[in-house]
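Here is a colleague's note for someone opening this model without having seen it before. Please keep the sequence and the view side by side while reading.

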Amino acid sequence: MIQFHLDARSGVSPYLQLIQQVRQALRLGLLSEGDQLPTVKDVVALLAINPNTVLKAYRELEYEGLVAARAGVGTFVTKTLTDGSLAAHGPLRVDLQDWLGRARQAGLDDESIEALFATTFRAASAGNGPSATIEEEVR
Amino acid sequence: MTAVLETRGLGKRYRKRWALSDCTLSVPAGHVTGLVGPNGAGKTTLLNLAVGLLAPTTGTALVLGGEPASSEEQLAKVGFVAQDAPIYAGLTVADHLRMGAHMNPAWDAGAAEHRISQLGLDPDQKAGKLSGGQRAQLALTLAIAKRPEVLILDEPIASLDPLARREFLQMLMEVTAEHELSVVMSSHLVSDLERICDYMIVLVASRVQVTGEVDALLGSHYQLTGPRCDPATLPEDWQIISASHTDRQSTLLVRSDRPIVDSTMTVDQIGLEDLVLAYMSQASRPVTRHANPASPDQSALEAQR
């Protein structure tokens, strides 16, 4: 079972934050097929948010085929997002650290690095035909 | 589905002053509704009319389709916590529960006692000795234990510290989810309501300024910034909620049912707090539409040219 948290200053709506946290947990292998998501009542009792926000987030995840609601029981994970790509994380992280080191050596500060990454990422995903998922995460 | 709260031309006058005038709105069931506005806007008057503590001067109010406080059945459907969570200081916590059991036909004694122990309240404690946060929780427990269909709360968290506020809202949202309650609560702080409300009523100077589902409101308002523009040249179907100009730049808040695509200006979504504040300041300083040549914005624009 995962526990949600909200970042009030992120500017991302609670609804999207919940969705992102489930996706991230799926991607990192914290949630796998058959696991139950916290009940709506538990989530709102913890976060003090509107129950409809949680329902909406769960419906969206259901629409994406990641979870399924079982009436009277709860919402369960039906799909995993790790699918072998998890193994590639390590080498990719090393590459990225390498690149970050070079960017620093070239004199880029944090903001310049983030800006460069964001624009390159956007340009690349525009070329590939952006999916809704990627766009949401950039925001 | 029957509206939780439906008013038509509702007004209340105290001697010469109108505390609420010409209020027409309809709040659908299944929402947590925020009633926001500055102090003295008429929020308490509207809520007191809804629960039948006040009689209207003009118009009508219906709660769940019934006239407020018109029958025992109607009273049983509505849970109400008045401002500052009134309790009987001389009675113990347990006395309050006993009183609730005597006065309410559908009283859920088990749930009330469970809630009190979960909150860590001592049943033998005199209610007058409770902290502000505990008093509010006791009042909410009583309002919930009568098993209402709608819960009406007047500034329930205004006087609480941040931790007590959070605990109160956690409990409120938990029971809302558990019993599928509709909630109407007032506050003069939008930030308190941002995470919990999905329906909004903005009341300023005794009048309803805007009302609707939060997502729909946020989706139909746009913040535009760009080079200085003449309000007279803006599209007819834009409703200008606020406009400010420097000598180079214009900032507009626009309500539009169509998505805004404007190449000359930057279009941003707006947050709930900024939206509500814009309506509040609009009410105190009306922005006239450009059809009116004497509009203050435009004359200011002319003067600066």
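The points below go from conventions to chain B, its sheet, and then chain A.

1. The model is predicted, and local features need pLDDT of at least 70, while side-chain atom pairs count only at pLDDT 80 or more and totals for chains, interfaces and linings use all residues. Residues are numbered from 1 along each chain as its sequence is written, and chains are lettered from A and ligands numbered from 1 in the order in which they are written.

2. Chain B has ten helices and 13 strands, where helices (H or I, at least four residues) and strands (E, at least two) are DSSP runs numbered from the N terminus. Its C-alpha atoms fill a box of roughly 75 × 40 × 35 Å along the principal axes. Of its 305 residues, 41% count as buried, a term that requires 20 or more other C-beta atoms, placed from the backbone, within 10 Å of the residue's own.

3. Chain B is split into domain 1 (5-213) and domain 2 (220-304), with bounds that come from an automatic or database domain assignment. The centres of the two domains, taken over C-alpha atoms, are 36 Å apart. Ten residues of domain 1 of chain B are in contact with six residues of domain 2 of chain B, contact meaning that C-beta atoms, placed from the backbone, lie within 7 Å. On the domain 1 side, helix H7 (190-193), strand E8 (199-204) and strand E9 (207-213) of chain B each give two or more residues.

4. Six strands of chain B form an open sheet of mixed pairing, in the order E5-E6-E7-E3-E8-E9; strands pair if DSSP finds at least two bridges between them. The edges are strand E5 (78-81) and E9 of chain B, each of which pairs on one side only.

5. How is E8(B) joined to E3(B) and to E9(B)? Four bridges join E3(B) to E8(B), and these two run parallel, with B:Thr33 opposite B:Tyr199 in E8(B). E8(B) and E9(B), by contrast, pair in the antiparallel sense over six bridges; B:Leu203 stands opposite B:Val208 in E9(B), and B:Met200 stands opposite B:Gly212 in E9(B). The hairpin of E8(B) and E9(B) has two residues between the strands, and B:Ala205 takes a positive phi near 50° there.

6. Six of the six residues of E8(B) are buried, so the strand is largely enclosed by the rest of the structure. Both of its faces are covered, with B:Tyr199, B:Ile201 and B:Leu203 buried on one side and B:Met200, B:Val202 and B:Val204 buried on the other.

7. Helix H5 (residues 132-145) of chain B lies across E5 and E6 of chain B and runs at about 170° to E5(B), where axes are lines fitted to C-alpha atoms, for helices over the stretch in contact, and angles run from 0 to 180 degrees between N-to-C directions.

8. The contact between the chains takes eleven residues from chain A and 13 residues from chain B. On the chain A side, H2(A) gives the largest share, five residues.

9. The 17 residues of helix H4 (residues 89-105) of chain A should span 24 Å at 1.5 Å a residue, and the end C-alpha atoms are 24 Å apart, which agrees; the expected span is 1.5 Å times one less than the number of residues. H4(A) is hardly covered, since the count of buried residues among its 17 residues is zero. Just after H4(A), A:Gly107 takes a positive phi of about 95°.

Key: Contact = placed C-beta atoms within 7 Å. Buried ≥ 20, exposed ≤ 12 C-beta atoms within 10 Å, placed from the backbone.
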